[in-house]
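Please consult the sequence and structure shown below while reading.

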Amino acid sequence: MSGAVVFFDPVFEEHKTGYGHPERPERLRASLGALEESGLLDAVDIRPPADATLRDIGLIHSQKYIEQVQRVSEGGGGQLDMDTTLSEASYRAALRAAGALVNSVDGCLSGEFSRSFCLVRPPGHHALPNRGMGFCVFNNVAVGARYATSRKGLDRIMIVDWDAHHGNGTQDVFYKDPSVMYVSLHQYPHYPGTGEVDETGQGNGKGYTINLPFPAGTGEEHYLEAFERVIIPAGRRFAPDLVMVSAGYDSHVGDLLCSMRLNDLSYRKMTGLLVGLAKECCNGRLIVTLEGGYNLEAMARSVVQTTGALAGVEVSGKDEAAEATASAGKAKEIISRAASLAGV
Ligand SMILES: [Zn+2]
C-alpha cells in the first residue's frame with residue numbers, strides 16, 4: 001500500500017478560461033513542475049482519475065444544471081456567470097475533476113492508499129446545486145463527500161476549507177446535514193459574502209457548520225490557533241470516518257486576489273494537524289483537493305508542502321516572513337466565538 005497519491009490528468013489544462021483570467025491552466029503545470037523538482041515523486045504516485053458518472057454528479061447537482069454545463073461547453077464554450085467561463089473541454093475536465101474525488105474515496109476505503117491530493121481544475125467549492133459561480137463548475141469535494149456517505153455507507157465526513165474565500169457552495173449543500181461537518185477559515189468580508197461566524201447550520205445540521213471569518217491580514221498564528229482551539233477539538237468530538245480538505249492557496253501572503261498572510265510552511269503545518277486527526281479518527285484517511293490560488297510560484301511551493309505532509313516526507317521550504325497585519329484582537333474574538341458556538 002502506498003501512503004499518498006496525486007490525481008492529475010492533462011484534460012484539466014484544457015479547461016480554458018480566457019486571456020488574463022487568474023484561474024488558468026498554468027496553475028497545474030507550475031504545481032507539477034514544483035512536485036517534480038522537490039523529489040517527492042519518488043514517494044508519491046501520480047495517477048489519472050476516471051470521469052465521475054452522471055449519477056455521481058447528480059448526487060449534488062440538478063439534471064438541468066448538468067445539461068446546461070454540457071450544452072454550453074460542447075457548443076464551443078461560454079459564460080456560466082460573470083467570472084466562470086467554459087471552453088469546449090470544460091465539461092470533460094469538470095467530470096474528471098469530480099472523478100478524482102470519487103476515485104480518492106474508493107482508494108482510501110479499499111486501503112489502496114490512505115491520503116490523496118487531487119490536483120484538479122475547474123475548482124468546486126463555490127458551485128451550488130443549480131449554478132456554477134466563482135470559477136467553479138461542479139462541487140468536487142461535495143460530490144466526493146456525498147458519494148462516501150450515500151454510496152459507501154460512511155456515517156460522518158469532515159471537510160476543512162482553508163481557501164481564502166468562503167466555500168458557499170459546500171456550506172449550502174450540507175447546511176442541514178449532520179453527516180457532513182463543514183469548517184471554513186476565510187477572509188471576511190470578501191467574495192462571496194457568506195460565512196459569518198453565526199452561520200452554524202440549520203435543522204438537524206445545526207452545529208455541523210463552523211465558520212472562522214478572519215479579517216484581511218490574518219496570519220499563521222491565528223490559523224493555527226483556530227486549529228488548536230476549534231477545528232481539532234470539534235473534529236475529535238465528531239469522529240469523522242474520512243477527512244477532506246478544500247485546499248485553496250489564495251490564503252498565501254503572495255496571492256494576487258486575497259490579503260491573508262500564510263506562507264508555504266503554514267500549509268504543511270495545517271496538513272500535518274489534519275493528518276494527525278485522520279490517524280486518530282479514521283485510519284489516516286485524508287483527501288485534499290485543489291480550490292483557488294493565483295500566484296503560480298507561491299501556490300506551487302505550497303502544493304509541494306501539502307503533498308510532503310501527506311506523504312510524511314520532509315521537503316525544504318521557504319519560511320518567508322509573513323507577519324499578520326490584522327489586529328490580533330479581532331481574529332482572537334472570532335476564534336473564541338466559533339469555539340463557544342461549536343461547544344469546544
Ligand atoms: Zn479562493
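## Helix H10

In this predicted model, the buried residues of helix H10 (328–342) pack against E8 and H7. These buried residues are Ala331, Ile334, Ile335, Ala338 and Ala342. Viewed down the axis of H10, they fall within an arc of 95 degrees, so they line one face of the helix. Gly329 and Ser340, on the other side of H10, are exposed.

H10 comprises 15 residues and spans 21 Å from its first C-alpha to its last, close to the 21 Å expected at 1.5 Å a residue. Just after the helix, Gly343 adopts a positive phi of about 70 degrees.

## Helix H7

Helix H7 covers residues 220–238 and bends by about 40 degrees at Phe227. Phe227 itself is among the buried residues of H7.

Just after H7, a positive phi of about 55 degrees is found at Ala239.

## The sheet

Strands E6, E7 and E8 belong to an open sheet of eight strands, whose order is E2-E1-E5-E10-E9-E6-E7-E8 and whose pairing is parallel. Strand E2 (45–47) and E8 stand at the edges with a single partner strand each, so one side of each is left without a neighbour in the sheet. From one strand to the next, the twist averages 15 degrees.

In general, the strands of a sheet pair through backbone hydrogen bonds, in either a parallel or an antiparallel arrangement. Here, E6 and strand E9 (residues 242–247) are paired in the parallel sense over five bridges. Ile157 has Leu242 in E9 as its bridge partner.

## Helix H9 on the sheet

Helix H9 (residues 296–311) also packs on the sheet, where it touches strand E1 (4–7), strand E5 (115–118), E9 and strand E10 (286–290). The direction of H9 makes about 160 degrees with that of E5.

## Summary of the contacts

E9, which pairs with E6, is touched by H9.

Notes: Residues numbered from 1 in each chain as written. Predicted model: local features only at pLDDT ≥ 70, side-chain atom pairs only at ≥ 80, totals over all residues. Bend = angle between axes of the 7 residues up to and from the residue. Helix = DSSP H or I, 4+ residues; strand = E, 2+ residues; numbered from the N terminus. Buried ≥ 20, exposed ≤ 12 C-beta atoms within 10 Å, placed from the backbone. Contact = placed C-beta atoms within 7 Å. Pairing = 2+ DSSP bridges. Axes fitted to C-alpha atoms, helices over the stretch in contact; angles between N-to-C directions. Expected span 1.5 Å × (residues − 1). Arc of directions from axis to C-beta.
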